[in-house]
Amino acid sequence: MDTITLGNVEITRVVEVAPRGLPRDFIFPDVAMEHWRTHEGWLAPEFLDPAADEVRTTIQSWLLRSEGRTILIDTGVGNDRERPHMPFFHHLQTDYLGKLAATGVHPADVDLVICTHVHGDHVGWNTSWTEGEWRPTFPNAEYVFPRADFDYWNPENGHRTRSGPRMANVFEDSVAPVHQAGQTVLWEGDHYDIDAQLRLEPAPGHTPGSCVVRLRSGTDRAIFAGDVLHSPLQIVEPDVCPCFDEDEPRARVARRRVLGEAADEGALLFPAHFPGAGAAEVRRDGERFAVKEWAAWR
């Protein structure tokens with residue numbers, strides 16, 4: 001299990017779905033092949049499979065231990081989900097809870113679940129199918145959602161979204177049950193403090209409520225970036241967008257801002273779906289950015 005300590009916060013990587021390739025033209029349908037060819041030398045093989053024409057991605061959570069609390073950032077896809085329009089997630093079965101247990105954490109031990117946004121691969125293990133209904137997986141946890149996403153994806157509000165059918169059932173099986181159980185915190189505004197070392201800040205575009213988690217502990221800095229980035233290509237080409245961004249212009253602004261702040265602060269950047277080292281320090285490179293150093297886990 002990969003672990004790193006920044007200041008007084010211990011971070012452990014919990015992988016639900018091991019790295020695998022997904023069709024490049026599905027994830028990034030509007031990105032010219034020349035962008036991939038230019039950077040193929042360092043993207044392959046961990047982040048790009050040129051022979052298969054696939055982008056390599058993973059689904060993972062970040063487990064944090066901070067100020068005596070156990071915190072999960074994003075909870076993956078979950079088991080037993082009806083995802084007819086997302087075949088990669090449909091009826092998925094993984095040993096996520098077993099992997100979490102291998103870190104010494106059981107569902108009742110989790111104090112806080114942070115969802116960086118409401119997409120099916122970030123909220124799935126919020127709930128489990130138990131005795132004929134969806135119930136909170138983590139019975140003692142508060143679940144923190146951005147209110148903008150909660151309202152946007154709530155089917156009662158009838159929004160027409162770019163993601164369309166890909167979001168079928170997600171709110172109903174992975175968000176509504178924890179809200180009905182009285183375990184949600186819906187935050188809004190320019191920040192939400194988790195504790196003295198962790199803060200949520202908005203980064204809208206990927207979804208209306210998409211956010212990042214900032215870590216400031218001692219001299220160490222980190223940004224848990226959710227889906228502000230899907231591939232390391234977006235570090236060097238920050239204006240390219242995946243098909244999942246609801247509002248591409250706002251997503252570009254958020255991505256450039258987060259990358260700029262990470263570079264200027266020397267913060268370790270933890271996107272949700274990077275395989276390989278999974279996290280990196282970045283630096284400015286003119287109007288773009290570059291990888292300065294990949295994370296060193298123990």
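Me: What are the counts of nonpolar, polar and charged residues in the lining of the largest cavity?

Reply: The lining of the largest cavity divides into 12 nonpolar, eight polar and four charged residues, where Ala, Val, Leu, Ile, Met, Phe, Trp, Tyr, Cys and Pro count as nonpolar, Asp, Glu, Lys and Arg as charged, and the others, Gly among them, as polar. This is a predicted model, in which local features need pLDDT of at least 70 and side-chain atom pairs count only at pLDDT 80 or more, while totals for chains, interfaces and linings use all residues. Residues are numbered from 1 along each chain as its sequence is written, and side-chain values use heavy atoms, with hydrogens and water left out.

Me: How many cavities of 30 Å³ or more does the structure hold?

Reply: Rolling a probe the size of a water molecule over the atoms shows where empty space is left. A cavity is a set of points, on a 1 Å grid over the protein atoms alone, where a 1.4 Å probe fits but cannot get out, and its lining residues have an atom within 4 Å of a point; grid points are joined across faces, edges and corners, and a volume is the space filled by probe spheres set on the points. The structure holds two cavities of 30 Å³ or more, and the largest has a volume of about 330 Å³. Of the 24 residues that line the largest cavity, Met86, Phe89, Asp121, His230 and Phe244 are the closest to its centre.

Me: What volume does the second largest cavity have?

Reply: The second largest cavity has a volume of about 40 Å³, and its lining includes Pro204, His206 and Arg255.

How values were computed: On a 1 Å grid over the protein atoms alone, a cavity is a set of points where a 1.4 Å probe fits but cannot get out, and a pocket is an open set with protein on both sides within 12 Å along at least five of seven lines; lining residues have an atom within 4 Å of a point.
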